Amino acid sequence: MSEAVSGAIPRIGEVAPDFVAETTQGVIKFSEWQGGKWVVLFSHPADFTPVCTTELAEFARKNDEFAKRDAKLIGLSIDSIHSHMAWLQNIKERLGVEIPYPLIADIDMKVAQKFGMLHPEASSTATVRAVFFINPDRKVQALVYYPLTNGRNIDEVIRLLDSLQTSAKHSVATPANWRPGDKVIIPPPRNVEALQQRMARTDMEHVDFYLGFKQLEKPSS
Ligand code: BEZ
């Protein structure tokens, strides 16, 4: 498995770079810490900044939603471990929120470089707001970048994770604005035989030969 080149942005389908880093929960080797789960790795520009504080707290409030999906959260910024610890304490005191996931102290920017999180026209010292969705095989499945000034929608992060996991599990695509429980898209046929088989299917709704929807069975609870 070849990893993305350092400094470049790891692309969809590429193996996410591995790294060893100090975090608020101790030193980790990313591939071992991942432990065969999905990972949502997100960067934020800096500690003790207002937008980042709201994002960290909201990720923390939704931590159980990620755990339910067998996904682990991990944050990163170019700050020291002591700054991270002081900030987490401050968030606990001011907002009453404990941060249950690790924060990487990337003071030498090594991890940020590996994930292409530094965009010099935005800032040469602070990471932009990147989110990497990494599957259990450590392959990047989606990546989202926001600028310094605009906070992310954590519900959308969860929605995209649901969508990626549904595609991976059922080999389907998901339409615009898809939410769990909505119909999925069966990818278009690639040859005449597959087309004929598909059009004979009664378990899906055919809008046209290339556009077909299916209701997935609800998981038994
Ligand atoms: C913030 O998190 O509030 C922030 C960080 C860097 C630049 C602008 C805003």
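Reply: A polar contact is a pair of N or O atoms within 3.5 Å; within protein, one must be able to donate a hydrogen and the other to accept it, and residues adjacent in sequence count only if both atoms are side-chain atoms. This is a predicted model, where local features need pLDDT of at least 70 and side-chain atom pairs count only at pLDDT 80 or more, while totals for chains, interfaces and linings use all residues. Residues are numbered from 1 along each chain as its sequence is written, and side-chain values use heavy atoms, with hydrogens and water left out.

Me: How far is the polar side-chain atom of Thr 49 from an oxygen atom of the ligand?

Reply: The distance is 3.1 Å.

Me: And what about Arg 129 and Pro 50?

Reply: An N or O atom in the Arg 129 side chain is 3.0 Å from a ligand oxygen. For Pro 50, a polar backbone atom lies 3.2 Å from an oxygen atom of the ligand.

Me: Which residues surround the ligand?

Reply: Pro 45, Thr 49, Pro 50, Val 51, Cys 52, Arg 129 and Leu 148, where near means a heavy atom within 4 Å.

Me: New topic. Is Ala 71 buried or exposed?

Reply: Ala 71 is buried, with a relative accessible area of 7%; buried means under 20%, exposed over 50%, partly exposed in between (1.4 Å probe, protein chains only).

Me: What does Ala 71 touch, leaving aside neighbours within four places in sequence?

Reply: Ala 71 is in contact with Trp 38, Phe 66 and Leu 161; contact means heavy atoms within 4.5 Å.
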